[in-house]
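Student: I have a new model open and would like to go through it with you. Can we take it piece by piece?

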Number of protein chains: 2
Amino acid sequence: MTPTSPDADRDRDRDHLAEAVELARGGMEAREGGPFGAVIVRTDDDVVVGRGWNRVTSTSDPTAHAEVVAIRRAARVLRTFELEGTTIYASGEPCPMCWAACRWARIDRIVHASRREAAGEIGFDDQFLYDDLARSADEQSVPVEHLPLQAGADVYQRWATDPSFTRY
Amino acid sequence: MTPTSPDADRDRDRDHLAEAVELARGGMEAREGGPFGAVIVRTDDDVVVGRGWNRVTSTSDPTAHAEVVAIRRAARVLRTFELEGTTIYASGEPCPMCWAACRWARIDRIVHASRREAAGEIGFDDQFLYDDLARSADEQSVPVEHLPLQAGADVYQRWATDPSFTRY
């Protein structure tokens, strides 16, 4: 489906976002995790290539946010770790983990239905992440420590000097 | 094993970090992904509860960074989505995705052997993430768009008003 007008594009965005919200509702009602859903859509043909909802509590996986689940599924289906040419529709504004996952996945657009503040009001407060991201590594509430190791440098060197490793 | 002195603590840190680097080397040589490894250790008894290495290219999963893999494994083994009382040892400085995953997992300490700049020199440049994190949502190279939807607010409201959902 080729976009025909700005209005058609906006309708399409709303439809996909509505599905993301429905996935949020379904996952929540099924007790799989928090009320968050996400849909990944290929831009050129409007095909949904990945769906996800929050599964943190049901799978004991703190990384199983809706966006990460959708990305992993889309990448598996398309057999690629790069999802250029797609848009992710998330019911809630992606947290820094999910945002960075979207960017590593090379997703082209990120659209969400509810801002972080709305999630904060129902108990999902990402603010501790944003606060620490604005601080230097040693001033964060969980300091990031650097302990240099020669073996670490050696492994990087090995990677750099052998072109047979798959770059990404 | 209770720490006996600052020197003993530092030796312990080096040992765990050396294992993270060995996992990096093993995963790289096995062609599973980039040269990155991570180990999660329970602080009170010094037991390794999770190991991971980068598997992005071999599993077509852009989120399969070493730290995320280790967190998912540790959480599965311990049957919890919260890893308080643990330290993560990563061969490379965690990228923003992995850093946020560590924080969501409630890991207490983050230690790494090689700074982001060293990874950048061998082709793993996280700088595009740090650059965008310093910008507002609409000024990032992939803008984060907000399209409000009443259904989204309704799902949050449903979560907020039903105490039977598992909080986290």
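Student: Where does A:Ala137 lie?

Tutor: A:Ala137 lies in the loop between helix 6 (127-133) and strand 5 (144-146) of chain A. Helices (H or I, at least four residues) and strands (E, at least two) are DSSP runs, numbered from the N terminus. This is a predicted model, in which local features need pLDDT of at least 70 and side-chain atom pairs count only at pLDDT 80 or more, while totals for chains, interfaces and linings use all residues. Residues are numbered from 1 along each chain as its sequence is written, chains are lettered from A and ligands numbered from 1 in the order in which they are written, and side-chain values use heavy atoms, with hydrogens and water left out.

Student: And what is A:Ala137 in contact with, leaving aside neighbours within four places in sequence?

Tutor: With those neighbours left aside, A:Ala137 is in contact (heavy atoms within 4.5 Å) with A:Pro143 and A:Val144. A:Ala137 counts as partly exposed, at 30% relative accessibility. Buried means under 20% relative accessible area, exposed over 50%, and partly exposed in between, using a 1.4 Å probe and protein chains only.

Student: Step back a bit. How many helices and strands has chain A?

Tutor: Chain A has 7 helices and 5 strands. From the N terminus on, their order is α-β-β-α-α-β-α-β-α-α-β-α. The C-alpha trace of chain A spans about 55 × 40 × 30 Å along its principal axes. Of the 168 residues of chain A, 52% count as buried.

Student: Which non-glycine has a positive phi of about 60°?

Tutor: A:Arg31 does, at about 60°. A:Arg31 sits in the loop between helix 1 (6-29) and strand 1 (37-42) of chain A. A:Asp46 also has a positive phi of about 60° without being a glycine, and its place is in the loop between strand 1 and strand 2 (48-53) of chain A.

Student: Is A:Asp46 buried or exposed?

Tutor: A:Asp46 is buried, with a relative accessible area of 17%. A:Arg31 is partly exposed, at 38%.

Student: Now the two chains. At what angle do the axes of helix 4 of chain A and helix 4 of chain B cross?

Tutor: The axes of these two helices (residues 96-104 in each chain) cross at roughly 150° and come within 8 Å. Axes here are lines fitted to C-alpha atoms, for helices over the stretch in contact, and angles run from 0 to 180 degrees between N-to-C directions. That makes helix 4 of chain A roughly antiparallel to helix 4 of chain B; angles under 35 degrees count as roughly parallel, over 145 as roughly antiparallel, 65 to 115 as roughly perpendicular and the rest as oblique.

Student: Which residues make the contact?

Tutor: On helix 4 of chain A they are A:Pro96, A:Met97, A:Ala100, A:Ala101 and A:Trp104, and on helix 4 of chain B they are B:Pro96, B:Met97, B:Ala100, B:Ala101 and B:Trp104.

Student: Last one, chain B. Where is B:Gly50 found?

Tutor: B:Gly50 is found in strand 2 (residues 48-53) of chain B. B:Gly50 is buried, with a relative accessible area of 5%. Leaving aside neighbours within four places in sequence, the contacts of B:Gly50 include B:Val39 and B:Ala70.
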